[in-house]
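Let us walk through this structure together, starting with the chain as a whole and then stopping at a few individual residues.

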Amino acid sequence: MIDFREPTLADKPWVDGLLAQADYKGCEYNFTNLYTWRKAFHYRIARVEGFLAVHLCGALGCSCLYPAGAGDVRPVIRELARDAGARGETLRLVCLTPRQMDELEGLFPGRFAFQPDRDGYDYLYDIHRLADLPGKKMHNKRNHISALEREFPDWRYEELTPALLPECLEMDREWYRRSREREGRQEEADLGNEGIALREAMEHFEALGLEGGLIRICGEVVAFTMGDRLNSTIYDVHFEKAYNELRGAYPLINREFARRVREKYPEICCLNREDDMGVPGLRKAKESYYPDEMVEKHSAILQNGPELQYISELMQ
């Protein structure tokens, strides 16, 4: 069996190296996400045949991510299939993009059945659109920001540092209380898991290489965000919080952070603002920015189950 284990901060260098070779678009292929969400999704990692293998357990049961690295992925898939059989599981690969689906089907024709996971689709946006908010589609966002700037002309953006994290944590506690009341108990588990991940990110902010910013009005933090690089041209925005009741707070922190990322990393073309977890309010908010691309996610389920004879044939 594969020696899967929980990721630690010491794993970041070699995991980042393999993720950089893969250069995938999905937000799962980011060490910060693997580490901070490890408790919610029971992420376990291993190095298999020179690739990063990730095992997780979630709503669909126990699964694996498509391996990340460079070279021939066929022996890695075979090893994952054998490992799943030894665990009494059917191999299920999750969060596959169309590119990965095509590759998998080419390697093992007809061996996998594919199913879409709309709740897991990532939202990608052109960084210049978010930084400049041009055109008719962004008219409402510009209006909301203008309203806030007129009402609070002394607002300011500050770069997020470890010293400012306690204020953001306090703001998040209040945000969570209001969101729970607004969304109801149906989304409480998702919001709770995000809260755990956020606290992990704050605790290890520097070790994870995170960056961020906040908006302050009348001395109070009313919005903050944080993220890091996803691949060679995409930046991942992991967390973004603002008080919904404060008109313009969300589009303002969104715009200001996009401008800072663009200035610091001119090679970045897109921001990945991750998935909506199936939360209606979050989906509506992400769709309101008219994503330039949706990173589709699918599951691939090995047919005929984990029978030893079939696994043996696959291994040949």
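The 43 positive and 55 negative charges of the protein chain have mean positions that lie 3 Å apart. In that count Lys and Arg are positive and Asp and Glu negative, with His and the chain ends not counted; each charge is placed at NZ of Lys, CZ of Arg, CG of Asp or CD of Glu.

Before going further, a word on what you are looking at. This is a predicted model, in which local features need pLDDT of at least 70 and side-chain atom pairs count only at pLDDT 80 or more, while totals for chains, interfaces and linings use all residues. Residues are numbered from 1 along each chain as its sequence is written, and side-chain values use heavy atoms, with hydrogens and water left out.

Now for the overall build. The protein chain has twelve helices and 13 strands, where helices (H or I, at least four residues) and strands (E, at least two) are DSSP runs numbered from the N terminus. Its radius of gyration is 21 Å, close to the 20 Å from the globule rule for 316 residues, so the chain is as compact as a globular protein of that length. The radius is taken over C-alpha atoms, and the rule is 2.2 Å times the number of residues to the power 0.38. Along its principal axes, the C-alpha trace spans about 70 × 40 × 35 Å.

How much of the chain is buried? Of its 316 residues, 54% count as buried, meaning under 20% relative accessible area, with exposed being over 50% and partly exposed in between (1.4 Å probe, protein chains only). The chain exposes about 14,300 Å², and carbon and sulfur atoms supply 49% of that area; the areas come from the Shrake-Rupley method with a 1.4 Å probe, and for residues only the protein chains shown count as cover. Contacts (heavy atoms within 4.5 Å) also say something about the fold: of those between residues at least 6 apart in sequence, 72% join residues at least 24 apart.

A nonpolar core here is a set of buried Ala, Val, Leu, Ile, Met, Phe, Trp, Tyr and Cys residues joined through side-chain atoms within 4.5 Å. The largest one has 94 residues, and the members touching the most others are Leu 52, Tyr 66, Leu 91, Leu 93 and Met 226. Helix α10 (residues 249-264) gives this core its largest share, six residues. A second, separate core has five residues, including Leu 124, Leu 230, Cys 270 and Val 295.

Leaving out residues up to four places away in sequence, Tyr 66 touches, among others, Tyr 24, Tyr 29, Val 73, Ile 77 and Leu 93. Beyond its neighbours within four places, Val 73 is in contact with Phe 51, Tyr 66, Pro 67, Glu 103 and Leu 107.

Next, follow Asn 272, in strand β11 (residues 270-272). Is Asn 272 buried or exposed? At 0% relative accessibility, Asn 272 counts as buried. Apart from neighbours within four places, its contacts include Lys 25, Gly 26, Cys 27, Asp 122, Leu 124 and Leu 230. Leu 230 is 42 residues from Asn 272 in sequence, with 8.1 Å between their C-alpha atoms.

Finally, look at two backbone angles. Most residues other than glycine have a negative phi. Asp 23, in the loop between α1 (12-22) and α2 (31-36), has a positive phi near 60° and is partly exposed at 28% relative accessibility. Glu 49, in the loop between β1 (44-48) and β2 (51-58), has a positive phi near 55° and is exposed, with a relative accessible area of 56%.
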